[in-house]
Amino acid sequence: MKLLSLFSVPALALTLAVAGSSGAKAFTDSEKKEIGAIVRDYLLENPEIMIEVQEKLVEKREADRQAKAGEAVSQNKDAIFSSTHDIALGNPDGKVTVVEFFDYNCTYCKSAISDMDAIIKANPEVRFVLKEFPILGEDSVAAHKVSDAFRKIAPEKYGEFHRQLLGGKTHANEAVAMAVAVSLGVSEDQIRAKMAESSSDDSVRETYMLAQNLGITGTPSYVVGNEAIFGAVGSKTILEKVANVDACGKATC
């Protein structure tokens, strides 16, 4: 252990890595083994260091993810916040927009309906955009196609349609979505005619592209200001981001 007095453990680890690289001749094989043994023993005696390293790694990855998302938001503002394929609930002229990516068969999205309503109720300046992101199989895509047709026919009833279909306990598919549409006064014939006349392909293609650029891989996910928010984080967190955007123009002041 004679080398321990010459190097801190982090320096030892770095030195060992450099010494093991191609062309490095700073240490003999015996010295490299001794350094490795010192680092190993230290880590075994102080395993909390590995937890700190893992935490830093998670922080770095999240920072990298948010940097990518922020760049994507900057480059795709119109498609994210003002797409003609989406409908906004709450205040259509609200000062701050919250965008939710959701799937009609997402369990967490079903629970997040209450978050959406709580956000809209708590802040009358919120414009809440619903962005359909059918990623959970063919039934989700089929339900989305019905929803897309319903939105085009009766946009004023879309909020009610959304709450009924996403909030229902039944697995969403074409038949279930159609039943919700009919219950709200739009006939199956009207829905099928609109589906034939106006495909939802452009809507899905745009949303998938945005999700890829933003780093969104699951639902629900949100965009508030210049940030993406991944997962069902709850109304409190989103309202805090909304307040920040209102105060300083960014989701984190």
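Trainee: In which helix do Glu197 and Lys194 both lie, and how many residues apart are they?

Mentor: The general idea is that an α-helix has 3.6 residues a turn, so residues three or four places apart point the same way. Here both Glu197 and Lys194 belong to helix α9 (residues 188-197), with a spacing of three residues, about one turn of the helix. Helices are DSSP runs of H or I with at least four residues, strands are E runs of at least two, and both are numbered from the N terminus. Keep in mind that this is a predicted model, in which local features need pLDDT of at least 70 and side-chain atom pairs count only at pLDDT 80 or more, while totals for chains, interfaces and linings use all residues. Residues are numbered from 1 along each chain as its sequence is written, and side-chain values use heavy atoms, leaving out hydrogens and water.

Trainee: How do the side chains of Glu197 and Lys194 meet?

Mentor: In a salt bridge, at 3.1 Å from N to O. The term means a side-chain nitrogen of Lys or Arg within 4 Å of a carboxyl oxygen of Asp or Glu. Glu197 is exposed at 60% relative accessibility, whereas Lys194 is buried at 18%. Buried means under 20% relative accessible area, exposed over 50%, and partly exposed in between (1.4 Å probe, protein chains only).

Trainee: How many salt bridges does the structure hold?

Mentor: The structure holds 13. One of them pairs Glu227 with Lys241 at 2.9 Å, N to O. Glu227 sits in strand β5 (residues 227-230) and Lys241 in helix α11, so this pair ties together parts that are 14 residues apart in sequence. Glu227 is buried at 14% relative accessibility, and Lys241 is buried at 18%. Salt bridges with shared partners also link Asp148, Arg151 and Lys152 in one network.

Trainee: What does Asp246 form with Lys95?

Mentor: A salt bridge, whose closest N and O atoms are 3.4 Å apart. Asp246 is in helix α11 (residues 235-248) and Lys95 in the loop between β1 (87-90) and β2, so they tie together parts that are 151 residues apart in sequence. Asp246 is partly exposed, with a relative accessible area of 45%, and Lys95 is exposed, at 57%.

Trainee: Which residues of helix α8 (residues 174-183) are buried?

Mentor: Ala177, Met178, Val180 and Ala181 are. They lie on the same side of α8 because their arc around the axis is only 160°; the arc is taken from the directions from the helix axis to the C-beta atoms. The cover over these buried residues includes α6 (138-153), α7 (158-167) and α9.

Trainee: Which residue caps the N-terminal end of α8?

Mentor: Asn173 does, with a side-chain oxygen 3.2 Å from the backbone nitrogen of Ala175. Just after α8, Gly185 has a positive phi of about 95°.

Trainee: Is Asn105 buried or exposed?

Mentor: Asn105 is buried, at 13% relative accessibility. Asn105 is found in the loop between β2 (96-102) and α5 (107-122).

Trainee: Over which residues does pLDDT stay under 50?

Mentor: Over residues 1-7. pLDDT is the predictor's confidence in each residue, from 0 to 100. Where it is low, the predicted coordinates should not be read in detail. The chain averages a pLDDT of 89, and 90% of the residues score at least 70.

Note on methods. Contact = heavy atoms within 4.5 Å. Polar contact = N/O pair within 3.5 Å; in protein donor to acceptor, adjacent residues only side chain to side chain.
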